[in-house]
Amino acid sequence: MRRSSKQVREEDEVLREELELRRKTEIHEIEERKNGQINTLMKNHEKAFSDIKNYYNDITLNNLALINSLKEQVEDMKKKEERNEKQMSEIQAENKRLKEPLEKAKAEVSDLKKQLANYQKDKQSLQSAKARLKVQEQDLKALHWEHEVLEQRFKQVQQERDDLYNKFVSAIHEVQQKAGFKNLLLEKKLLALADVLEKKEAQLNEVLSASNLDATALTVVTRKLEDVLDSKNSAIKDLQYELARVCKAHNDLMRTYEAKLNQFGIPTEELGFRPLESTVGGQPLGQGPAGLVAAPN
(Lines give C-alpha, C1' and ligand atoms only; values in the text may rest on other atoms or scores of the structure.)
Protein backbone atom coordinates (compact mmCIF):
# COMPACT_ATOMS: atom_id res chain seq x y z
CA MET A 1 0.00 0.00 0.00
CA ARG A 2 1.44 3.21 -1.04
CA ARG A 3 2.38 5.67 1.60
CA SER A 4 1.65 9.20 1.21
CA SER A 5 4.42 11.76 0.77
CA LYS A 6 3.43 13.37 3.98
CA GLN A 7 4.01 10.25 5.86
CA VAL A 8 7.32 9.82 4.14
CA ARG A 9 8.29 13.34 5.08
CA GLU A 10 7.22 12.80 8.62
CA GLU A 11 9.21 9.63 8.77
CA ASP A 12 12.16 11.43 7.29
CA GLU A 13 11.81 14.18 9.86
CA VAL A 14 11.58 11.67 12.63
CA LEU A 15 14.57 9.78 11.26
CA ARG A 16 16.49 13.02 10.81
CA GLU A 17 15.71 14.08 14.37
CA GLU A 18 16.76 10.71 15.68
CA LEU A 19 19.94 10.82 13.67
CA GLU A 20 20.61 14.39 14.81
CA LEU A 21 20.01 13.39 18.39
CA ARG A 22 22.29 10.40 17.96
CA ARG A 23 24.89 12.64 16.36
CA LYS A 24 24.73 15.16 19.15
CA THR A 25 24.88 12.41 21.69
CA GLU A 26 27.90 10.84 20.01
CA ILE A 27 29.53 14.27 19.65
CA HIS A 28 28.92 14.94 23.32
CA GLU A 29 30.38 11.57 24.25
CA ILE A 30 33.36 12.22 21.99
CA GLU A 31 33.89 15.65 23.54
CA GLU A 32 33.62 14.18 27.02
CA ARG A 33 36.18 11.50 26.09
CA LYS A 34 38.33 14.18 24.48
CA ASN A 35 38.09 16.40 27.54
CA GLY A 36 38.89 13.38 29.73
CA GLN A 37 41.87 12.53 27.59
CA ILE A 38 42.97 16.19 27.58
CA ASN A 39 42.69 16.33 31.36
CA THR A 40 44.57 13.10 31.60
CA LEU A 41 47.24 14.38 29.22
CA MET A 42 47.43 17.66 31.10
CA LYS A 43 47.85 15.86 34.39
CA ASN A 44 50.43 13.59 32.86
CA HIS A 45 52.18 16.57 31.28
CA GLU A 46 52.08 18.44 34.56
CA LYS A 47 53.46 15.41 36.38
CA ALA A 48 56.14 14.88 33.73
CA PHE A 49 56.96 18.57 33.79
CA SER A 50 57.15 18.46 37.56
CA ASP A 51 59.35 15.41 37.37
CA ILE A 52 61.53 17.02 34.72
CA LYS A 53 61.61 20.23 36.71
CA ASN A 54 62.56 18.38 39.85
CA TYR A 55 65.12 16.31 37.91
CA TYR A 56 66.72 19.36 36.37
CA ASN A 57 66.53 21.17 39.69
CA ASP A 58 68.35 18.24 41.25
CA ILE A 59 70.84 18.21 38.41
CA THR A 60 71.28 21.96 38.74
CA LEU A 61 71.75 21.65 42.49
CA ASN A 62 74.12 18.78 42.02
CA ASN A 63 75.98 20.65 39.33
CA LEU A 64 76.19 23.70 41.55
CA ALA A 65 77.43 21.52 44.39
CA LEU A 66 79.85 19.86 41.97
CA ILE A 67 80.97 23.24 40.65
CA ASN A 68 81.53 24.46 44.20
CA SER A 69 83.33 21.24 45.00
CA LEU A 70 85.39 21.53 41.84
CA LYS A 71 86.15 25.17 42.67
CA GLU A 72 87.32 24.07 46.07
CA GLN A 73 89.33 21.26 44.45
CA VAL A 74 90.79 23.74 41.96
CA GLU A 75 91.75 25.98 44.85
CA ASP A 76 93.21 23.00 46.67
CA MET A 77 95.02 21.92 43.51
CA LYS A 78 96.35 25.45 42.98
CA LYS A 79 97.57 25.46 46.53
CA LYS A 80 98.96 21.98 46.11
CA GLU A 81 100.58 23.02 42.81
CA GLU A 82 102.14 25.98 44.56
CA ARG A 83 103.34 23.68 47.32
CA ASN A 84 104.56 21.19 44.68
CA GLU A 85 106.38 23.94 42.80
CA LYS A 86 107.94 25.05 46.05
CA GLN A 87 108.85 21.45 46.88
CA MET A 88 110.13 21.00 43.29
CA SER A 89 112.35 24.04 43.72
CA GLU A 90 113.54 22.70 47.03
CA ILE A 91 114.07 19.23 45.49
CA GLN A 92 115.97 20.71 42.55
CA ALA A 93 118.14 22.65 44.96
CA GLU A 94 118.59 19.47 47.01
CA ASN A 95 119.40 17.55 43.82
CA LYS A 96 122.02 20.11 42.90
CA ARG A 97 123.39 19.87 46.42
CA LEU A 98 123.34 16.05 46.33
CA LYS A 99 124.69 15.71 42.77
CA GLU A 100 128.33 15.77 43.81
CA PRO A 101 127.83 13.25 46.66
CA LEU A 102 125.79 11.13 44.23
CA GLU A 103 128.67 11.12 41.73
CA LYS A 104 131.02 10.18 44.56
CA ALA A 105 128.60 7.45 45.67
CA LYS A 106 128.38 6.15 42.09
CA ALA A 107 132.17 6.07 41.88
CA GLU A 108 132.28 4.27 45.23
CA VAL A 109 129.64 1.82 43.98
CA SER A 110 131.73 1.18 40.85
CA ASP A 111 134.82 0.63 43.01
CA LEU A 112 132.83 -1.61 45.32
CA LYS A 113 131.61 -3.63 42.32
CA LYS A 114 135.19 -4.05 41.17
CA GLN A 115 136.19 -4.98 44.72
CA LEU A 116 133.27 -7.42 44.78
CA ALA A 117 134.49 -9.02 41.55
CA ASN A 118 138.00 -9.19 43.01
CA TYR A 119 136.48 -10.53 46.21
CA GLN A 120 134.79 -13.31 44.27
CA LYS A 121 138.08 -14.13 42.56
CA ASP A 122 139.89 -13.97 45.90
CA LYS A 123 137.17 -16.12 47.42
CA GLN A 124 137.60 -18.73 44.69
CA SER A 125 141.36 -18.53 45.08
CA LEU A 126 140.93 -18.94 48.84
CA GLN A 127 138.72 -21.98 48.32
CA SER A 128 141.28 -23.43 45.91
CA ALA A 129 144.05 -22.65 48.40
CA LYS A 130 142.04 -24.29 51.19
CA ALA A 131 141.54 -27.37 49.03
CA ARG A 132 145.25 -27.46 48.18
CA LEU A 133 146.07 -26.88 51.86
CA LYS A 134 143.82 -29.77 52.82
CA VAL A 135 145.53 -32.01 50.27
CA GLN A 136 148.93 -30.82 51.47
CA GLU A 137 147.91 -31.43 55.08
CA GLN A 138 146.94 -34.96 54.11
CA ASP A 139 150.25 -35.31 52.28
CA LEU A 140 152.02 -33.87 55.33
CA LYS A 141 150.31 -36.42 57.57
CA ALA A 142 151.32 -39.16 55.17
CA LEU A 143 154.87 -37.77 55.14
CA HIS A 144 154.88 -37.63 58.97
CA TRP A 145 153.77 -41.22 59.07
CA GLU A 146 156.32 -42.16 56.41
CA HIS A 147 158.94 -40.18 58.36
CA GLU A 148 158.13 -42.11 61.52
CA VAL A 149 158.32 -45.37 59.58
CA LEU A 150 161.61 -44.27 58.02
CA GLU A 151 162.94 -43.21 61.43
CA GLN A 152 162.11 -46.64 62.78
CA ARG A 153 163.73 -48.24 59.73
CA PHE A 154 166.70 -45.86 60.09
CA LYS A 155 167.16 -46.88 63.71
CA GLN A 156 166.92 -50.49 62.65
CA VAL A 157 169.40 -49.88 59.82
CA GLN A 158 171.69 -48.01 62.23
CA GLN A 159 171.57 -50.97 64.57
CA GLU A 160 172.25 -53.31 61.65
CA ARG A 161 175.05 -51.00 60.51
CA ASP A 162 176.61 -51.00 63.97
CA ASP A 163 176.32 -54.77 64.15
CA LEU A 164 177.73 -55.07 60.63
CA TYR A 165 180.52 -52.62 61.52
CA ASN A 166 181.48 -54.63 64.57
CA LYS A 167 181.35 -57.85 62.57
CA PHE A 168 183.29 -56.21 59.76
CA VAL A 169 186.03 -54.98 62.09
CA SER A 170 186.36 -58.39 63.72
CA ALA A 171 186.18 -60.10 60.31
CA ILE A 172 188.83 -57.75 58.91
CA HIS A 173 191.17 -58.49 61.77
CA GLU A 174 190.51 -62.18 61.45
CA VAL A 175 190.87 -62.19 57.65
CA GLN A 176 194.03 -60.11 57.83
CA GLN A 177 195.50 -62.42 60.42
CA LYS A 178 194.55 -65.56 58.48
CA ALA A 179 195.56 -64.15 55.10
CA GLY A 180 198.83 -62.78 56.45
CA PHE A 181 199.64 -66.02 58.18
CA LYS A 182 198.71 -68.08 55.11
CA ASN A 183 200.61 -65.73 52.79
CA LEU A 184 203.63 -65.94 55.09
CA LEU A 185 203.47 -69.75 55.09
CA LEU A 186 203.11 -69.89 51.33
CA GLU A 187 205.93 -67.43 50.74
CA LYS A 188 208.21 -69.33 53.12
CA LYS A 189 207.28 -72.57 51.38
CA LEU A 190 208.04 -71.02 47.99
CA LEU A 191 211.38 -69.71 49.21
CA ALA A 192 212.24 -73.09 50.71
CA LEU A 193 211.31 -74.84 47.46
CA ALA A 194 213.36 -72.34 45.48
CA ASP A 195 216.37 -72.94 47.75
CA VAL A 196 215.96 -76.70 47.45
CA LEU A 197 215.65 -76.36 43.70
CA GLU A 198 218.85 -74.35 43.47
CA LYS A 199 220.67 -76.84 45.68
CA LYS A 200 219.36 -79.76 43.63
CA GLU A 201 220.45 -78.09 40.43
CA ALA A 202 223.94 -77.46 41.84
CA GLN A 203 224.22 -81.02 43.08
CA LEU A 204 223.00 -82.31 39.72
CA ASN A 205 225.58 -80.28 37.85
CA GLU A 206 228.33 -81.60 40.14
CA VAL A 207 227.14 -85.20 39.68
CA LEU A 208 226.95 -84.79 35.90
CA SER A 209 230.40 -83.26 35.69
CA ALA A 210 231.93 -85.97 37.91
CA SER A 211 230.18 -88.97 36.39
CA ASN A 212 231.76 -88.80 32.90
CA LEU A 213 228.62 -90.35 31.33
CA ASP A 214 228.31 -90.88 27.61
CA ALA A 215 225.95 -88.77 25.56
CA THR A 216 223.07 -91.31 25.53
CA ALA A 217 223.13 -91.88 29.27
CA LEU A 218 223.49 -88.16 29.83
CA THR A 219 220.46 -87.53 27.66
CA VAL A 220 218.38 -90.05 29.63
CA VAL A 221 219.49 -88.60 32.95
CA THR A 222 218.90 -85.08 31.72
CA ARG A 223 215.39 -86.01 30.53
CA LYS A 224 214.54 -87.57 33.90
CA LEU A 225 215.87 -84.53 35.69
CA GLU A 226 213.81 -82.28 33.40
CA ASP A 227 210.70 -84.33 34.25
CA VAL A 228 211.47 -83.95 37.96
CA LEU A 229 212.06 -80.22 37.48
CA ASP A 230 208.80 -79.86 35.48
CA SER A 231 206.96 -81.61 38.31
CA LYS A 232 208.54 -79.31 40.88
CA ASN A 233 207.86 -76.25 38.72
CA SER A 234 204.22 -77.34 38.36
CA ALA A 235 203.95 -77.69 42.14
CA ILE A 236 205.52 -74.23 42.54
CA LYS A 237 203.06 -72.77 40.00
CA ASP A 238 200.15 -74.41 41.85
CA LEU A 239 201.36 -72.91 45.12
CA GLN A 240 201.79 -69.51 43.45
CA TYR A 241 198.30 -69.80 41.98
CA GLU A 242 196.84 -70.72 45.37
CA LEU A 243 198.69 -67.79 46.95
CA ALA A 244 197.33 -65.43 44.28
CA ARG A 245 193.79 -66.81 44.73
CA VAL A 246 193.90 -66.33 48.51
CA CYS A 247 195.27 -62.78 48.09
CA LYS A 248 192.56 -62.02 45.51
CA ALA A 249 189.86 -63.38 47.80
CA HIS A 250 191.21 -61.20 50.58
CA ASN A 251 191.17 -58.13 48.35
CA ASP A 252 187.61 -58.93 47.09
CA LEU A 253 186.43 -59.28 50.67
CA MET A 254 187.98 -55.92 51.52
CA ARG A 255 186.24 -54.23 48.57
CA THR A 256 182.92 -55.86 49.50
CA TYR A 257 183.11 -54.58 53.06
CA GLU A 258 184.15 -51.12 51.87
CA ALA A 259 181.15 -51.05 49.51
CA LYS A 260 178.84 -52.08 52.36
CA LEU A 261 180.33 -49.37 54.56
CA ASN A 262 179.74 -46.77 51.83
CA GLN A 263 176.19 -48.06 51.34
CA PHE A 264 175.45 -47.52 55.04
CA GLY A 265 177.21 -44.17 55.11
CA ILE A 266 180.24 -45.28 57.17
CA PRO A 267 183.53 -43.81 55.93
CA THR A 268 186.49 -46.19 55.97
CA GLU A 269 188.43 -43.62 57.99
CA GLU A 270 186.26 -44.49 61.04
CA LEU A 271 187.76 -48.01 61.11
CA GLY A 272 190.86 -46.71 62.85
CA PHE A 273 193.16 -48.45 60.33
CA ARG A 274 193.62 -48.77 56.59
CA PRO A 275 193.04 -52.30 55.23
CA LEU A 276 195.97 -53.37 53.06
CA GLU A 277 195.57 -55.13 49.74
CA SER A 278 197.60 -58.29 49.27
CA THR A 279 200.05 -58.67 46.36
CA VAL A 280 202.03 -61.56 44.92
CA GLY A 281 205.69 -60.79 44.40
CA GLY A 282 204.96 -57.01 44.76
CA GLN A 283 202.59 -57.05 41.74
CA PRO A 284 198.88 -56.05 42.06
CA LEU A 285 196.24 -58.66 41.27
CA GLY A 286 193.49 -58.42 38.66
CA GLN A 287 189.90 -57.20 39.23
CA GLY A 288 188.15 -60.50 38.41
CA PRO A 289 186.52 -62.86 40.90
CA ALA A 290 188.81 -64.81 43.20
CA GLY A 291 188.11 -68.08 41.39
CA LEU A 292 189.29 -66.58 38.07
CA VAL A 293 192.79 -65.56 39.13
CA ALA A 294 195.40 -66.65 36.59
CA ALA A 295 198.51 -68.33 37.89
CA PRO A 296 201.64 -66.23 37.43
CA ASN A 297 204.07 -67.43 34.78
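Asp-51 is partly exposed, with a relative accessible area of 39%, where buried means under 20% relative accessible area, exposed means over 50% and partly exposed lies in between, with a 1.4 Å probe and protein chains only. The model is a predicted one, in which local features need pLDDT of at least 70 and side-chain atom pairs count only at pLDDT 80 or more, whereas totals for chains, interfaces and linings use all residues. Residues are numbered from 1 along each chain as its sequence is written, and side-chain values use heavy atoms, with hydrogens and water left out.

The protein chain holds two helices and zero strands, these elements being DSSP runs numbered from the N terminus (H or I and at least four residues for helices, E and at least two for strands). Of the 297 residues in the protein chain, 11% are buried. The accessible surface of the protein chain comes to about 24700 Å², with 55% of it belonging to carbon and sulfur atoms; such areas come from the Shrake-Rupley method with a 1.4 Å probe, and for residues only the protein chains shown count as cover. Among contacts between residues at least 6 apart in sequence, 84% join residues at least 24 apart, a contact meaning heavy atoms within 4.5 Å.

Lys-47 and Asp-51 are four residues apart in helix α1, so about one helical turn separates them, and Lys-47 counts as exposed because its relative accessibility is 52%. Side chains of opposite charge can pair when their charged atoms come close.

The count of salt bridges comes to five, and another of them joins the side chains of Glu-13 and Arg-16 at 2.9 Å, N to O. Because Glu-13 and Arg-16 are three residues apart in helix α1, they too are separated by about one helical turn. Glu-13 is partly exposed at 41% relative accessibility, and Arg-16 is partly exposed at 48%. A further salt bridge brings together the side chains of Glu-94 and Arg-97, at 2.0 Å from N to O, and these residues are likewise three apart in helix α1, which means a separation of about one helical turn. Here Glu-94 is partly exposed, with a relative accessible area of 31%, while Arg-97 counts as exposed at 52%.

Helix α1, which covers residues 5-211, also contains Tyr-55. A search of the whole structure finds one aromatic pair: the ring centres of Tyr-55 and Tyr-56 are 5.3 Å apart and their planes stand at 75°, so the pair is edge-to-face. Under the rule used, rings of Phe, Tyr and Trp (its six-membered ring) pair if their centres lie within 6.5 Å, and planes under 30 degrees apart count as stacked, over 60 as edge-to-face and the rest as tilted. Tyr-55 is partly exposed at 49% relative accessible area, and Tyr-56 is partly exposed at 48%. Together with Ile-52, Tyr-55 and Tyr-56 make a nonpolar surface patch of about 340 Å². Patches are made of residues with over 30% relative accessible area and no salt bridge, like charges being joined within 9 Å and nonpolar side chains (Val, Leu, Ile, Met, Phe, Trp, Tyr) within 5 Å.

Which residues form the largest nonpolar core? The seven are Leu-186, Leu-190, Leu-197, Ile-236, Leu-239, Leu-243 and Cys-247. Helices α1 and α2 (215-263) each supply at least two residues of this core, and α2 gives the most, with four residues. A nonpolar core is defined as a set of buried Ala, Val, Leu, Ile, Met, Phe, Trp, Tyr and Cys residues joined through side-chain atoms within 4.5 Å. In soluble globular proteins, nonpolar side chains tend to be buried together.

Leu-190 touches Ile-236, Leu-239, Gln-240 and Leu-243, when residues up to four places away in sequence are not counted. Ala-235 counts as partly exposed, because its relative accessibility is 36%.

Conventions:
Salt bridge = Lys/Arg side-chain N within 4 Å of Asp/Glu carboxyl O.
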